[in-house]
Amino acid sequence: MEPIKKEKLSDLIFDNLVEQIKRGDYKIDDKLPSENELAKFYKVSRVPIREALSKLISIGYVESSQGKGTYVKNTSVSEQVKQFTYGTFNKKELFDLLEMRTVIEVRSAYFAAERRTEVDLLKIEEALNHFKKITTNQQIIGMEADYDFHKSVVISTQNDYLIQTFKNLQSVHRDALEFSLKLNVGKPRKRERVYDEHVIIYEAIKNQNPELAADLMKEHLFNMRRKLGDDRI
C-alpha cells in the first residue's frame, strides 16, 4: 500500500486556475482577480495564492505588472512543458538532472564565494557580460553564455571533484539548458529576469557572502525548475 500524498494548497489552487484558463473562463489578456479576491474565494491566506500565481508566471500562463495586476498570456503552455521529449531526455530524466544540478551548484556557489580568486571573478564577469549582450538579441538562445556562467562558478570552488562532476554532465546539461532557454526566446522580460538573477549571484560571490550566494543560486535554479513544471519543489 502506498502512502497518500498530501497536496499543497498552492498546487490545488494552481491546478484549479489552470483548468479555468484552459476552459476559457479566462481568455488571453483577461485580468485575474487580485490576491485578496482569490484568497477570499478559496478561503485561504494570501501565501498559497502568491505561490500559485508565482508558478503560473514561471511556467508562462500569466504575466504580472506591478500596480496593474496579473493577466493571462497563454492558454496552452502546459502541453509545451509537460508532454515533451527533448534529445535523449524524458520528463523525469530532465527533472532528475535539474535536481542534481541544484545539489551541486548551490554548494558550489557557497564555496565560490569563500574561495574565488580575482582571476576566477574575472571569468565569471566575462560570462556575465557575454550573457548581457545576448539578452538584447531576442533571436539568440544564449545557451553557451548561460552554461559558461555556471561553469565559471563551479571552477571557482577549487574543488577538482566538483569541477569534474560538472564537466561530466556537460552534454546533458547543455541540452537541458537549451530547452529551458528556448522557452524565453521572444520574451524579453523573462530573459532579463534570468540575467538579473545571474548578476546578484555574481555580486554575492564578488562580496564573498557564501550564504547569500548559495540562497540566490538555489532560487535561480528553482525558478528554472518551476518554469519547466517540476512539481517536486
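**Entry 1: start of H8.** I began at Asn159, which caps the N-terminal end of H8, one of its side-chain oxygens sitting 2.9 Å from the backbone nitrogen of Tyr161. For the record, a polar contact here is a pair of N or O atoms within 3.5 Å; within protein, one must be able to donate a hydrogen and the other to accept it, and residues adjacent in sequence count only if both atoms are side-chain atoms. Helices (H or I, at least four residues) and strands (E, at least two) are DSSP runs, numbered from the N terminus.

**Ground rules.** I am working on a predicted model, where local features need pLDDT of at least 70 and side-chain atom pairs count only at pLDDT 80 or more, while totals for chains, interfaces and linings use all residues. Residues are numbered from 1 along each chain as its sequence is written, and side-chain values use heavy atoms, with hydrogens and water left out.

**Entry 2: the two faces of H8.** I found Leu162, Ile163 and Phe166 buried in H8 (buried is under 20% relative accessible area, exposed over 50%, partly exposed in between; 1.4 Å probe, protein chains only). They span an arc of only 100° around the axis, so they sit on the same side of H8; the arc is that of the directions from the helix axis to the C-beta atoms. On the face turned away from that buried side I noted the exposed residues Asp160, Tyr161 and Asn168.

**Entry 3: Ser156.** Is this loop residue buried or exposed? Ser156 lies between H7 and H8 (160-168), and counts as buried because its relative accessibility is 0%. Beyond four places in sequence, Ser156 is in contact (heavy atoms within 4.5 Å) with Phe111, Ala112, Arg115, Arg116, Asp120 and Ile124.

**Entry 4: cores.** A nonpolar core is a set of buried Ala, Val, Leu, Ile, Met, Phe, Trp, Tyr and Cys residues joined through side-chain atoms within 4.5 Å. The largest has 35 residues, with Phe149, Val153, Ile205 and Met217 making the most contacts inside it. H5 (91-115), H6 (118-135), H7 (143-155), H10 (188-206) and H11 (210-227) each give two or more residues to this core, and H5 gives the most, eleven. I also noted a second, separate core of 19 residues that includes Phe14, Leu32, Leu53 and Ile57.

**Entry 5: confidence.** pLDDT, the predictor's confidence in each residue from 0 to 100, averages 83, and 81% of the residues score at least 70. H4 (77-82) is lowest at a mean of 46, and H2 (35-42) highest at 94. Residues 78-88 are below 50, with 19 contacts beyond near neighbours in sequence. Where pLDDT is low, the predicted coordinates should not be read in detail.
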